[in-house]
Amino acid sequence: MANSKVKKFKIPLVIKDVLTQWVYLEYPDTKWNKDGVYRVEGIITPSNPIVKQVREQLMPKAMEYVKEANPNVKNIIPIEPFTELDDGSYQIKAKTNAIFRFTDSMGQERIKENVVRVFDRNVKPLSASEIHRGDTVNLQVTAIPYYMPASRGYGISFRLAAVQLVKKGDGLDSGVLFEAIASPEMESLDTMFEMFQGDSEGDF
């Protein structure tokens, strides 16, 4: 039996230089969830720092959480939060519910609408409609562990909080995955954590 007293850890971080494939920011994706899900899926290079961070820090921490919360479970199976593609790059995704449902202290169901903030290179507010397939973005996310008893699989999911447009793209068929995008004047979402901590609620 799972130990419900063991709390999931929630680690805020930024996934940089994601080449977008699927973007649902202006309107949530309602295909599998009627309330809608905001999500971004894209491609990162093998040298992206998040790959090392996931393998050396987050996945071991997730395994510790699962074993502590489920002391009788054995032979658990790790599931990385990205998929390796034929060209050696990785596909990664981050998402969050468009609506959070919860019960208040009076037993009444309440609904809270969620917002994924979008920024430009200088961390100025930007319309979600400006983010398209083929753009390069930074994703501010919260890393949260999960465990699936039926398959004994465990891993990390990324809850999306904010998106920063780094570079406008020309689509995904140009043959160039990434170019140098850093510039001295570019601000980073790393400085924005204090703005969002505690804003988002609920897991996905």
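In which loop is valine 123 found? Valine 123 is found in the loop between strands E8 and E9, where helices (H or I, at least four residues) and strands (E, at least two) are DSSP runs numbered from the N terminus. The structure is a predicted model, in which local features need pLDDT of at least 70 and side-chain atom pairs count only at pLDDT 80 or more, while totals for chains, interfaces and linings use all residues. Residues are numbered from 1 along each chain as its sequence is written, and side-chain values use heavy atoms, with hydrogens and water left out.

The secondary structure of the protein comprises two helices and 10 strands, and from the N terminus the elements follow the order β-β-α-β-β-β-β-β-β-β-β-α. Of the 204 residues, 42% count as buried, a class defined by under 20% relative accessible area, with exposed meaning over 50% and partly exposed lying in between (1.4 Å probe, protein chains only). The protein exposes about 11,900 Å², of which carbon and sulfur atoms supply 49%; accessible areas come from the Shrake-Rupley method with a 1.4 Å probe, and for residues only the protein chains shown count as cover. Among the contacts (heavy atoms within 4.5 Å) with a separation of 6 or more, 73% are accounted for by residues 24 or more positions apart.

Strand E1 (residues 11-29) runs antiparallel to E9 and is joined to it by seven bridges, with isoleucine 15 having leucine 139 of E9 as its bridge partner. The pairing of E9 with E10 is also antiparallel and extends over 13 bridges; here tyrosine 147 is partnered by tyrosine 154 in E10. The hairpin of E9 and E10 has four residues between the strands, and arginine 152 takes a positive phi near 65° in this hairpin. E9 is largely enclosed by the rest of the structure, because 11 of its 13 residues are buried.

A further hairpin is formed by E6 and E7, with five residues between them, and glycine 107 in its turn has a positive phi of about 85°. Strands E6 (residues 99-103) and E7 (residues 109-113) run antiparallel and are joined by five bridges, and arginine 101 stands opposite isoleucine 111 in E7.

Positive phi values also occur in loop residues other than glycine. Asparagine 75, which is not a glycine, has a positive phi of about 55° and is placed in the loop between helix H1 (49-69) and strand E3 (77-79); its relative accessible area of 62% makes it exposed. Valine 123 has a positive phi near 60°, but at 11% relative accessibility valine 123 counts as buried.

Proline 125 touches Val118 and Phe119, when residues up to four places away in sequence are not counted, and its C-alpha atom is 9.2 Å from that of glutamine 164, a residue 39 positions apart in sequence. Proline 46 lies in the loop between strand E2 (37-44) and H1. With residues up to four places away in sequence again not counted, proline 46 touches Val51, Gly88, Ser89 and Tyr90. The C-alpha atoms of proline 46 and glutamate 84 are separated by 8.8 Å, although the two residues are 38 apart along the chain.

Pockets were located on a 1 Å grid over the protein atoms alone, a pocket being an open set of points where a 1.4 Å probe fits, with protein on both sides within 12 Å along at least five of seven lines, and lining residues being those with an atom within 4 Å of a point. The largest pocket has a volume of about 310 Å³. Of the 15 residues that line this pocket, Glu80, Pro81, Phe82, Lys93 and Ile156 are the closest to its centre. Volume here denotes the space filled by probe spheres set on the grid points, which are joined across faces, edges and corners. Strand E4 (82-84), strand E5 (90-97) and strand E10 (153-167) each supply at least two residues of the lining, and E5 gives the most, with four residues. By class, the lining has eight nonpolar, three polar and four charged residues, where Ala, Val, Leu, Ile, Met, Phe, Trp, Tyr, Cys and Pro count as nonpolar, Asp, Glu, Lys and Arg as charged, and the others, Gly among them, as polar.

Conventions
Pairing = 2+ DSSP bridges.
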